[in-house]
Amino acid sequence: MGSANRNEGLLSPFRVLDLTDELGFLCGKILGDLGADVIKIERPGGDPARRLGPFYKDEPDPEKSLYWFGFNNNKRGVTLDLEKSEGQKLFARLAAKADFVLETFTPSFLDKLKSGYAALTKNNPKLVWVSITPFGQSGPYSKFHASDIEIMALSGCMSLTGDPGRPPLRVTFPQSYSWTGSYAAMGALTAHYHRQNTGEGQQVDVSAQAVMLWAFSHAHVFWDLNRHVEKRAGSFMTGRSITGAKMRVFWPCKDGYLNFIIYGGEAGRRTNQALVDWMNSKNMAPEFLKQKDWKTFDIAKVTQEEIDRMEEPIAEFFTTVTKAEFFKEVVKREMLGYPVASVKEIFEDPQHAARDFWREIEHPELGVSLTYPGPFARFSNGACDVWRRAPLIGEHNEEIYCDELGLTKAELNKLKREKVI
Amino acid sequence: MQSLKGIKVVEFAAFAAGPVVGKHLADHGATVVHIESQVRPDGFRAHYPPYKDNVHGLNRSGLFALCNNDKLDITLNLKKAPAATELAKKIAAWADVVIENFSPGTMARLGLGYEALQQVKPDLIMLSSSNLGQSGPHAHHAGFGSQLSSLAGFTHLTGYPGGSPQILYGPYIDYIAVAYGAVAILAALDYRKRTGKGNYIDTAQYETGLQYLAPILLDYKVNGCVAERNANRDPQAAPHGAYPCKGDDRWCVISVSSDDEWKALVKAMKNPAWAKKFASFDARKAGEDELDRLVGAWTIHFEPRELMETLQKAGVKAGVVNRMCDVYDDPQLKSRPQWIELEHPEIGAMHYQRPPFLLTKTPPGPAKRDPLLAEHNEYFYRELLGLGEAEYQKLVDEQVIF
C-alpha cells in the first residue's frame with residue numbers, strides 16, 4: 001500500500017538534517033511525509049529515545065521501540081558524534097547541501113561545537129534552521145530542562161485538566177512533543193516559502209510552551225477580557241454560558257463513556273431535538289423535554305438549574321445504550337457527539353478503511369509489516385504518504401557518507417574506528 | 001518583508017479549524033479575507049463566550065479576536081444565488097488560496113466546489129478541513145472538535161485510573177488540524193511555484209489527530225495493548241506528577257527520569273532519611289504512591305515559582321502549573337513576547353497572540369486587531385476586487401453583500 005514513491009512528494013527536491021530528540025521528531029516526519037529527503041542524525045550507538053516504549057512484542061531493544069518507529073518513519077538514518085572535530089567537519093559538509101536543519105539542543109550548545117546556526121550558514125545562507133526547545137532560544141527559562149509534563153504545566157494546560165480538589169493532569173500519552181513538532185513544521189515551511197522567494201534563510205525559534213497555548217485555547221482569553229479564571233472542571237465543560245453554567249461532557253453508558261454536550265447554535269439545537277426524538281422512541285423523554293422550544297434555547301444565557309434539569313433524564317437514557325449504538329445513531333440522526341474511543345475502537349472505525357487510511361510498512365529485519373497511520377492530508381497534485389519505516393542505527397551511513405558525500409570506504413572505516421560514526 | 005507577503009487567502013470558514021489556519025498565514029503578512037454574512041456570522045462571534053464584560057455582541061468576542069487578527073472581514077450572503085455564487089467565484093479568482101470548513105459537500109452544493117473554482121482560477125490551492133474527511137461513510141457527519149477529541153482517542157487517555165475521561169478544555173483536535181492544514185497549504189504554495197500546479201487538499205481532523213498517537217496505535221496492533229489513562233504517571237520516570245505548593249490550589253510539577261536527577265532532588269530536599277529506600281528506579285516505581293506523598297509533604301512548604309527555580313538550579317526538571325491568570329505575566333512568555341496588545345473599539349485592550357515560532361529575519365505580527373463584522377466590505381469589493389460603484393451598490397441593495 002501507499003504510492004511508495006517519495007519523488008512524487010510535494011517537497012521531494014529538498015533535504016532535511018534532523019538532529020532532534022522527541023520534542024522535534026514529528027517535525028522531520030511531516031516534512032518526510034511530504035516527500036523531503038530527511039536524514040536523521042543520531043549519536044553513535046543510537047538516539048536515547050530508542051529506549052522509549054512501547055516496544056515491538058514488548059521486548060525492550062533500541063531497534064524495537066514503537067515510539068521510535070511511530071515518529072521517525074520517512075527518514076533515513078546516519079550516526080555522527082558532533083562533539084568530535086571530525087564529526088563537526090562531516091556535519092558541515094552535510095549542512096552545506098541541506099535545505100533545512102532541525103535541532104533540539106539547549107540554546108548555544110551547538111555554537112560551542114562550532115556547529116550552530118551562525119557557523120553553518122556562512123557557507124549556506126539559504127539554510128532554514130529550525131531550533132526547537134521547551135521555552136525558546138532566549139529568556140529566563142531558556143536553559144531550563146523540561147519533559148512533557150513541565151511543558152504542559154508551564155503552558156497552563158494542566159490547570160484546566162482534572163477534577164477540582166485533585167492534582168491537575170496532563171494527557172497520559174505525551175502530547176506536547178507532537179504539538180511542538182507539527183507547529184515547528186509550520187514554522188519551517190513559512191521560512192521556506194520566504195527563502196524560495198528571496199534566497200534568504202533564517203533561524204526559526206520554536207517554543208513548546210508557546211505551542212501549547214493553542215492546545216487548550218482559548219481559556220486564557222477569559223482572563224484577558226473579564227479577569228475570570230477558567231479552571232479544571234473534571235468531566236464538565238465551562239465557559240459556554242455567561243451565567244457560568246457548566247455542561248456535562250462525559251456520560252457513563254453500557255460499555256464505557258460517551259461525549260455529548262448540550263450545545264446552542266443551529267447544530268446544537270438540531271442535536272437536542274434529535275436526542276429528544278430518540279429518547280422518545282424508547283419512551284424515555286420526559287414531558288418537559290418534549291415541550292422544549294429549542295429554537296429559542298440560548299446556550300450563552302442558560303442557567304445551571306435549567307441545564308441540570310435537562311441532564312438528568314439524558315444521563316438515565318445514556319446508561320441504556322452502548323458506544324457502538326450511540327455512534328450509529330449520532331451519524332444517522334445527524335447529532336453532535338461521539339463515543340469515547342480507545343485505540344482498539346479507532347481501528348474498528350469503518351471510516352478509516354473506506355478512506356484507505358492505514359499503511360502497512362515492511363520491517364524486513366523483524367519479518368513483518370506493521371500498521372501505521374497514513375497520510376495527514378490528501379493532495380490532488382503531489383503526494384503525502386508513508387514511504388519507509390524508521391531507520392536502524394547507522395543504517396544509511398555508507399549510502400550517505402560514501403555514495404552521496406564521496407567518502408571512500410577506508411575513510412568511513414577510519415571514522416567508525418574513531419567512533420565518530 | 002514578512003514571509004508570506006503577497007499571498008491572497010480567502011476563508012469560507014468559521015470557528016477554529018479553518019480561520020486559525022488563515023490567522024497563521026496572516027501573522028506572516030498574507031492578505032486574508034474572512035467571509036461571513038449578517039444571516040450567519042462566525043459562530044465564535046455569535047455564541048461563544050468570552051464576550052467583553054460578559055455582554056454579548058457580535059464585535060465583543062475574545063475568541064473570535066484571538067483567531068482572526070490581521071484579516072479583512074467581508075459579508076457575502078451565499079443564500080442569494082446566483083448573484084452570490086458569481087461573486088464568490090470572482091473572489092476565488094482573485095485568491096491564491098481558499099480555506100473552507102463547511103460540512104463536506106456544502107461547497108459543491110453551493111456551486112463552489114474545487115472543480116467550479118478551478119474554472120475561474122486554474123492553479124487555485126484549496127483546503128477543505130472537515131471532521132472526518134471528504135469521503136467515506138461518515139463524511140457528512142458534522143461535529144465539533146471538543147467531541148472529535150473523544151472519537152480520536154485523546155480523552156480516553158486523560159483522567160485518573162478507573163475514573164471518568166476528562167475534557168481537554170476546548171476544540172483540542174481543531175488546533176492539531178490547524179497545524180497540518182497550514183503545513184499543507186505552505187507545501188502546496190511551494191509546489192505551485194515550482195510546477196505551476198494548484199492543489200485540492202482534503203484534511204480530516206480525525207486523521208491529523210491520529211498522527212499524534214502513532215506509537216500507541218502500533219502498540220495495539222503489535223502487542224494487543226490498549227493504552228489507558230493513568231493520571232500523571234509515566235512508565236519511564238518517578239516521581240512524575242503535580243505536587244502541592246503553598247497557596248490556594250497552587251502546584252508544581254516535578255519529573256525524575258534518571259538516578260542523577262533523583263540524587264539532585266534528594267540533595268535539594270536536604271537528604272531526608274526516607275529517601276534512602278528510593279535509591280533505585282525500581283524502588284521508586286514500586287513505592288510511587290508513598291513517594292508522591294512524601295515529596296508532596298516537602299513541596300507544600302514552597303511557593304511554586306520558588307520551588308521550580310530551586311529545582312531547576314539543582315538539575316531537576318520542574319515547572320509551575322500556570323493558571324490562566326498567570327500566562328500573560330509568565331516571565332518567559334513575556335520575554336518573547338508572546339502577545340502584542342492592541343486596541344479594539346468594543347473590546348478595548350486585547351492580547352493578540354503571536355505564532356509559537358518566531359522567524360528571526362521576517363518577524364511575525366500580529367499588527368492589526370481582528371476586524372468588525374463587514375468592516376472591509378467597501379475596501380475589499382471596490383479596491384481589491386475592483387467592483388464599480390453601481391455594481392457594488394446593487395449587490396448591497398439586493399442583500400448579496402450582506
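**Exercise 1.** In what order do the seven strands of the open sheet lie, in this predicted model?

*Solution.* The order is S3(A)-S2(A)-S1(A)-S4(A)-S5(A)-S6(A)-S12(B), with mixed pairing. At the edges stand strand S3 (75-79) of chain A and strand S12 (357-359) of chain B, each of which pairs on one side only. On average, neighbouring strands of this sheet are turned by 20° against each other, direction ignored.

**Exercise 2.** Describe how S12(B) is joined to strand S6 of chain A.

*Solution.* Strands of a sheet pair through backbone hydrogen bonds, either parallel or antiparallel. Here, S6 (residues 202-207) of chain A and S12(B) run antiparallel and are joined by three bridges. Within S12(B), Leu358(B) is the bridge partner of Asp205(A).

**Exercise 3.** Determine how helix H1 (residues 25-33) of chain A packs against helix H7 (residues 176-198) of chain A.

*Solution.* Begin with the geometry: the axes are 6 Å apart and the packing angle is about 50°. Because of that angle, H1(A) is oblique to H7(A). The crossing of H1(A) past H7(A) is right-handed. Next, consider the residues: Phe25(A), Leu26(A), Cys27(A), Ile30(A) and Leu31(A) of H1(A) meet residues of H7(A) including Tyr177(A), Gly181(A) and Ala188(A). By class, this contact of H1(A) with H7(A) has nine nonpolar, three polar and no charged residues.

**Exercise 4.** Which domains does the assignment give for chain A, and what distance separates their centres?

*Solution.* Domain 1 comprises 6-215 + 353-417, and domain 2 comprises 235-340. The centres of domain 1 and domain 2 of chain A, taken over C-alpha atoms, are separated by 43 Å.

Note on methods. Residues numbered from 1 in each chain as written. Chains lettered and ligands numbered in written order. Predicted model: local features only at pLDDT ≥ 70, side-chain atom pairs only at ≥ 80, totals over all residues. Axes fitted to C-alpha atoms, helices over the stretch in contact; angles between N-to-C directions. Helix = DSSP H or I, 4+ residues; strand = E, 2+ residues; numbered from the N terminus. Parallel < 35°, antiparallel > 145°, perpendicular 65-115°, else oblique. Left-handed = near helix turned anticlockwise from the far one by under 90°. Contact = placed C-beta atoms within 7 Å. Nonpolar A, V, L, I, M, F, W, Y, C, P; charged D, E, K, R; others polar. Domains from an automatic or database assignment. Pairing = 2+ DSSP bridges.
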